[in-house]
Amino acid sequence: MAQNSNAPGDTPDLSVQLGPLRLRNPVMVASGTFGYGEEYEDFLDLERLGAIVVKGISLRPRPGNPPPRIVETAAGMINAIGLENVGVDVFLKSKLPHLQRLQVPVVVNIFGNTLEEYAQLAAKLDGVPGIAALEINISCPNVKEGGMVFGTDPLMAARVVQVVRRATALPLITKLTPNVTRIGDIARATVDAGSDMLSCINTVAAMAVDIFSRRPKLANVMGGLSGPAIKPIALRCTLEVLREVHCPVIGIGGIATPTDALEFLVLGARAVQVGTANFVNPSVTTEIIEGMERFLRVEKIARLEDCIGTLDTQCLFPFAEIACELTDLP
Amino acid sequence: MMKIMEDVSVVSQEKVAFQTHLLRLSAGRISREARLGQFLMVQVRDGTDPLLRRPFSFHRIDAEQGVVEILYRVVGRGTWWLSQCDSGARLRIIGPLGNGFQLPQCGPAPVVAVAGGIGIAPMMQLLEKLAQWLAPSGKTREIHLFYGARTAEEFIPGKAFDTLGITVHWSTDDGSRGHEGFVTRLLEDTMRREKIKPCVVYSCGPLAMQYHVARWALENGVPSQLSLESLMACGLGACLGCALPAVNPAAPQEEHYLHVCKDGPVFKAEMIQWHKIQTHPATPPIFLFS
């Protein structure tokens, strides 16, 4: 890490370049954990965030899955919300205007049942003022149609990105699922198809069982695991993606402290998304931003950019061999 | 209404009935904002396990003293950790959340409250308010509390009810106090026998009980305020985990959900699609969790 001689009192520069976007800091909020922003306004100044990713939007409103939709597990939770959302028209009319007035980049997470729906959705959002980028959700484990089906096959993933790319000039982030054998292959396919950035990971497919009723604890049977329990998986996936592609990557998965966030940045992620931790502590993002600032002061680093991708690459040699053994087919 | 995250200290904690604890918190800011029937989220300990905050209704709100009380039953790891907090312990809480109860719009006609087990928690201060309201007209006996539990030792001490002068109808599953059987059956039989037409029914308890209270209220045209429960991650309307199957007035056939944290926790019976509600089995023995 580049050392410099700034006095301990100087404010370190937390801003990062994320593809075409300049963020005041790398701390974003993950889709589906922050509503449309307004739910959190009593707890933090939204303009302090690096960016806001809103709850996944579909062409038409979706009611979501029947309850029980969530269950707590060790250091985590499993959810099967089923992408409940107000639909793109209500979003544009009644949710976005408030966010447009704020000085914070807004990323709209989009989701479709079919390729056409992805394309129509992207076309509707193209050119709307106040949208900084689209995040393409091809990785939700909780819906029967589309969702993870698109995200687990490199060809299907590429086709989704292609149709969205043709429909909009907005910067595109593709959100990857960890529920694949080789996440690097999906990363490569989506970047080749026109994705400017990647975010990883979405939730890990999981379930929980009730021994008294002998039933799954979720009505949907399976759901997505999130929270501190998945951070090690997310770090491994982020590394695999970074070794495969050269586009900006946003790290997601179990981030709850400044240390967690910095781990992803050291690995090479250019930003992070905080998810489940928002549920536990609605002002956690502010605490993470302040903690990063303290880290830079203590380490006497002037710019956070100088931390990004500083992992000791010598260590990666054993990793390369082990990864080949684990994932290469004979 | 402003939602507040407040670091508070435990004033006292005492065991008041079987597996039932009363926790007093010094929460100046939240106590000034809170209304009856609203709830708060409590982080039961630091660290990541248990990860999520736990929702509790306000048992008592004392804005003058800057104190709020929670009455809760130890049913799992979260409440077990909470039960270990001594005076002076620090807790991080968020509140007040949700909509809360409304006082009856109608005149001082009969009022019915139904509490199942720990469902008594949000009812006590409401009953006090109603009793104060009806005291000048000498009609506090027309406040009927139907209080049910599995067994008598689960009831909180009855002194409080005596001083209020309200009518309490007790029931237990095992017959150890009052009517033997479900409290909702006692409610139906008593109302029919005494030909009481209440102007409102307040209710809090397990969903299986609420189902029957709702059915009774709808069949008899009694306006209802049911405090419902759900698993919940945030309490803020972000996670959408606390969904209940609901009636969409604009399109009754369509699948529709309301959320306990922001649309409730107090609902009218006619808002919920009761036949789609999954009721939980009885609380399993505590030793399996600790």
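Strand β8 (residues 111-116) of chain B runs parallel to strand β9 (residues 143-149) of chain B and is joined to it by six bridges; strands are DSSP runs of E of at least two residues, helices are runs of H or I of at least four residues, and both are numbered from the N terminus. The model is a predicted one, in which local features need pLDDT of at least 70, side-chain atom pairs count only at pLDDT 80 or more, and totals for chains, interfaces and linings use all residues. Residues are numbered from 1 along each chain as its sequence is written, and chains are lettered from A in the order in which they are written.

Within this strand pair, G116(B) stands opposite G148(B) of β9(B). The two strands belong to an open, mixed sheet of seven strands in chain B, ordered β11-β10-β9-β8-β12-β13-β16, where pairing requires at least two DSSP bridges between two strands. At the edges are β11 (179-180) and β16 (266-267) of chain B, each of which pairs on one side only.

Helix α5 (residues 183-194) of chain B lies across β8, β9, β10 (167-172) and β11 of chain B, at about 150 degrees to β9(B). Helix α6 (residues 207-220) of chain B also packs on the sheet, where it touches β8, β12 (200-204) and β13 (224-227) of chain B and makes about 175 degrees with the direction of β13(B). Axes are lines fitted to C-alpha atoms, for helices over the stretch in contact, and angles run from 0 to 180 degrees between N-to-C directions; contact denotes C-beta atoms, placed from the backbone, within 7 Å.

Chain A contains ten helices and 16 strands. Of its 330 residues, 54% are buried, that is, have 20 or more other C-beta atoms within 10 Å of their own C-beta, placed from the backbone (exposed: 12 or fewer; partly exposed: in between). In helix α5 (residues 183-192) of chain A, seven of the ten residues are buried, including I183(A), I186(A) and V191(A). Just after this helix, G194(A) adopts a positive phi of about 120 degrees.

Beyond its neighbours within four places in sequence, I52(A) contacts V29(A), F34(A), G37(A), L46(A), L99(A), V104(A), V106(A) and V107(A).

How values were computed
Two residues are in contact if their C-beta atoms, placed from the backbone, lie within 7 Å.
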